[in-house]
Amino acid sequence: DVKISDLWMEFKDNGPLRIIAFFFITAFAMMSIGNAAGAYFINSNMHGTAAELSIFMALGSLPSFIFMPLVPAIKKAIGKKNMFYVFLGCAIVGMVMLYIIAKMDEPSMTWIFIAQFIKSTGVIVATGYMWALVPEVISYGEWKSGKRIAGIVNALTGIFFKAGMTLGGIVAPAVLAYVAYDKDSIQQSPLAEEGIIWLVCVIPAALLLLAMFIISKYELTDEKIDQINKEIEQRSMNK
């Protein structure tokens, strides 16, 4: 039997679930902030054209078609945690590049596109693979409590990513208001341009560093999951 109280109890007793909860919140807050500021960055900081804005935004999705099919092979080669470290680090490198290029006297849009591709590659692979952790924490919860409450775990993960999106939706407007961004002006003040760069690069990079720390605490290795699944199967056979 599954009760409403199981939602709280699962969160309290399932350590790996708490890890991915904070990872989801951090990751989706980062994506929400960065995505919201992308158009401001190209229009106000880079003074780009509509076509350049379209390319910049498209590069935010393009890596998914290239690298997501390679994820199983990458994970097999370097391991689950290392894959998170590599691609979260890749995203941070892209953000640092965006920051440096944007600060140049004559920033190159070509290099902006390259940096965006690098950043997006890291973000897409890391945040795409995090969904594969959900079945693992479901199995861990069943192994520990004897209840396979997949619906509750999926409901909790839905709450987590919505919380992250909500947090990101609050931060971006707050920063723009603080730096006095003028939506009716093409030319922004230096403070407003700096605030936009912080939304695109600095704050998301800080959140990614936090995400790397959070995922370092995740202890369900592939070997551990295999052992858990075998014990669950054995229990079912013994009933």
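**View 1. His 47 in the loop between helices H2 and H3.** His 47 sits in the loop that joins helix H2 (15-45) to helix H3 (50-58); helices are DSSP runs of H or I with at least four residues, numbered from the N terminus. The model is predicted, with local features needing pLDDT of at least 70 and side-chain atom pairs counting only at pLDDT 80 or more, while totals for chains, interfaces and linings use all residues. Residues are numbered from 1 along each chain as its sequence is written, and side-chain values use heavy atoms, without hydrogens and water. Although not a glycine, His 47 has a positive phi of about 50 degrees. Most residues other than glycine have a negative phi. His 47 is partly exposed because its relative accessibility is 41% (buried is under 20% relative accessible area, exposed over 50%, partly exposed in between; 1.4 Å probe, protein chains only).

**View 2. Ala 180 in the loop between H9 and H10.** The loop between H9 and helix H10 (190-215) holds Ala 180. Its phi is positive, near 60 degrees, in a residue other than glycine. With a relative accessible area of 55%, Ala 180 is exposed.

**View 3. The crossing of helices H8 and H9.** Helix H8 (residues 133-145) and helix H9 (residues 150-178) have axes that come within 10 Å and cross at roughly 135 degrees. Axes are lines fitted to C-alpha atoms over the stretch in contact, with angles from 0 to 180 degrees between N-to-C directions. H8 is therefore oblique to H9 (under 35 degrees is roughly parallel, over 145 roughly antiparallel, 65 to 115 roughly perpendicular, the rest oblique). Val 134, Val 137 and Ile 138 of H8 meet Ala 150, Val 153, Asn 154 and Thr 157 of H9 in the contact (heavy atoms within 4.5 Å).

How values were computed:
Helices (H or I, at least four residues) and strands (E, at least two) are DSSP runs, numbered from the N terminus.
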